[in-house]
Amino acid sequence: MMGLMPSEETRTTTPPTVRSSAAHDAGKPGGASARAWTMRLLVLGIVLSALNLRPAITSLGALLEEVRDGLGMSGSVAGLLTSVPPLCFAVFGVMAPRLARRFGAGAVVCAGMAAIATGLLIRPYAGGTAGFLAGSALALMGIAVSNVLMPVIVKHWFPDRVGSMTGLYSMALALGTALAAAVTVPLTDTLGGSWQTGLALWAGLAVAAVLPWLPFVRGRVTPPGAGERAAETASRGPSPTEHARVEAPRLRMARSRTAWALAVFFGLQATAAYITMGWMAQIFRDAGVPAGTAGLLLAVTMVMGVPLAFVIPRLATRLPHQGPIVLALGVCGLAGYAGLYLAPAAGAWAWAVLLGIANCAFPLALTMVGMRARTGPGVAQLSAFAQSTGYLISIPGPLLVGVLYQHSGGWGLPIALMSALMIPQMVVGFLAGRDRTVEDEATR
């Protein structure tokens, strides 16, 4: 139902019967209550989907040592495993706008949640490293398309509340990330100590996220105000609907400096995030912190995003330049890495908090995607470009950390790498925060 909706300056073609039906529905008794129901269902779908966008990764991070032992993985292979998420996000994320134009964004997100559930259920029992990677890739494919389409859905349905809605789903995303990190180890112990069970149980949350999207799959609901817009624009042409073919000009993102700055910023913050999610618990465990406590520390890092993911997007939309926020987050990241190097166990809780603040570069990046384009199709194209290019950039980071860890026998070199990457992240983030749009650059 929730395809890519253009603004008034974007031309579309829609059958007249659809337009007149929308106009007629707007005047029906009970139309307001139906629209309120639709919006509540949509918000529920967004929140449940966001909750599912990271447990596949952080639940694995909490049990990485057990998975390595169970599957016989070396440190380098484990590093490859932690690089699979950005690889899948880059490969499959670029497909999301095209799939949304054809089937509707609601249908694609619904299918994405089903893919997450299936992948999480089968990967622990697929047998061997190859089967585990295949199941993970299926789940991550569902995460990838949902990652790209969330900013599009917000821009489409909540054009006047981009900051608050981005904050809401970023907050839910952070909550799901932290929840998986915190409770996977205790639940695994409660359920008999099997890492397979501990990983597979997160499939249930993904199944729940499928349900709110079912009414949107075949376009049975329309955005609020669609009927009014159809009636108002009848003399100028048809109003957009979910199944309309959007004739939006394709922007040449590679020509936009802003798009490139945002893509590199997205890639570097993703590198830091996936290194943190994949390896931070292991850093603490190697420093002598018990496994359960290490999982809680990772959860603290992730849960910092719950309040900040709501505050930062709202603050970002009120500022003409988001660069100062980028710099503040980067300083917190550098301080956290310094602490991990100097006193990983003694100051563990402080470093977890600082790195959690630094990880809020992710909701900031998503907010800037919505701000750096003027139209729904522009946001879709920018989101796909920034996320796919960014995740490609982030692929080597977690793998390199695994290689450095195995060959150096400690965490000094990996932490030095993390710190070094934070500097260019701050630079390109500052450039991406400038008040300009990709339409002004990518159509030249």
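## Burial and helix α18

A residue is called buried when its relative accessible area is under 20%. The model described here is predicted. The buried residues of α18 are Ala-361, Phe-362, Pro-363, Leu-364, Ala-365, Leu-366, Thr-367, Met-368, Val-369 and Gly-370.

## The chain as a whole

The chain has 444 residues, and 58% of them are buried. Its secondary structure consists of 22 helices and 2 strands. Among contacts in the chain with a separation of 6 or more, 85% are between residues 24 or more positions apart.

## Helices α9 and α15

Two packed helices are described by the angle between their axes and the distance between the axes. For helix α9 (residues 162–190) and helix α15 (residues 305–318), the angle is about 160 degrees and the axes are 7 Å apart. Angles over 145 degrees count as roughly antiparallel, so α9 is roughly antiparallel to α15. The crossing of these helices is right-handed.

On the α9 side, the contact is made by Gly-163, Ser-164, Thr-166, Gly-167, Leu-168, Ser-170, Met-171, Ala-174 and Leu-175. Their partners in α15 are Gly-305, Val-306, Ala-309, Phe-310, Pro-313, Arg-314 and Thr-317. Sorted by class, the contact of α9 with α15 has 8 nonpolar residues, 7 polar residues and 1 charged residue.

## Helices α14 and α17

Helix α14 (residues 291–303) packs against helix α17 (residues 348–358) at an angle of about 35 degrees, and their axes are 7 Å apart. The crossing of α14 and α17 is right-handed. From α14, the residues in contact are Thr-293, Leu-296, Leu-297, Val-300 and Thr-301. From α17, they are Ala-348, Trp-349, Ala-352, Val-353, Leu-355 and Gly-356. By class, the contact of α14 with α17 has 8 nonpolar and 3 polar residues, with no charged residues.

Helix α14 also contains Gly-295. This glycine is buried, with 2% relative accessibility. Apart from residues up to four places away in sequence, Gly-295 touches Ala-181 and Ala-182. The C-alpha atom of Gly-295 is 5.9 Å from that of Ala-281, a residue 14 positions away along the chain.

## Salt bridges

The structure holds 3 salt bridges. One joins Arg-285 to Glu-66, with the closest N and O atoms 3.4 Å apart. Arg-285 lies in helix α13 (residues 257–286) and Glu-66 in helix α4 (residues 64–71), so that the pair links distant parts of the chain, 219 residues apart. Arg-285 is buried at a relative accessible area of 17%, whereas Glu-66 is partly exposed at 29%.

Another salt bridge joins Arg-374 to Asp-440, with 3.1 Å between the closest N and O atoms. Arg-374 is partly exposed, with a relative accessible area of 44%, and Asp-440 is partly exposed at 38%. The remaining bridge is between Glu-441 and Arg-436, with the closest N and O atoms 3.8 Å apart. Here Glu-441 is buried, with a relative accessible area of 10%, while Arg-436 is partly exposed at 35% relative accessibility.

## Ser-388 in helix α19

Ser-388 is located in helix α19. This serine is buried, with 6% relative accessibility. Leaving aside neighbours within four places in sequence, Ser-388 is in contact with Phe-89, Ala-90, Gly-93, Val-94 and Ser-383.

Key
Residues are numbered from 1 along each chain as its sequence is written. This is a predicted model: local features need pLDDT of at least 70, side-chain atom pairs count only at pLDDT 80 or more; totals for chains, interfaces and linings use all residues. Side-chain values use heavy atoms; hydrogens and water are left out. Axes are lines fitted to C-alpha atoms, for helices over the stretch in contact, and angles run from 0 to 180 degrees between N-to-C directions. Helices (H or I, at least four residues) and strands (E, at least two) are DSSP runs, numbered from the N terminus. Angles under 35 degrees count as roughly parallel, over 145 as roughly antiparallel, 65 to 115 as roughly perpendicular and the rest as oblique. A crossing is left-handed if the near helix is turned anticlockwise from the far one by less than a right angle, and right-handed if clockwise. Contact means heavy atoms within 4.5 Å. Ala, Val, Leu, Ile, Met, Phe, Trp, Tyr, Cys and Pro count as nonpolar, Asp, Glu, Lys and Arg as charged, and the others, Gly among them, as polar. A salt bridge is a side-chain nitrogen of Lys or Arg within 4 Å of a carboxyl oxygen of Asp or Glu. Buried means under 20% relative accessible area, exposed over 50%, partly exposed in between (1.4 Å probe, protein chains only).
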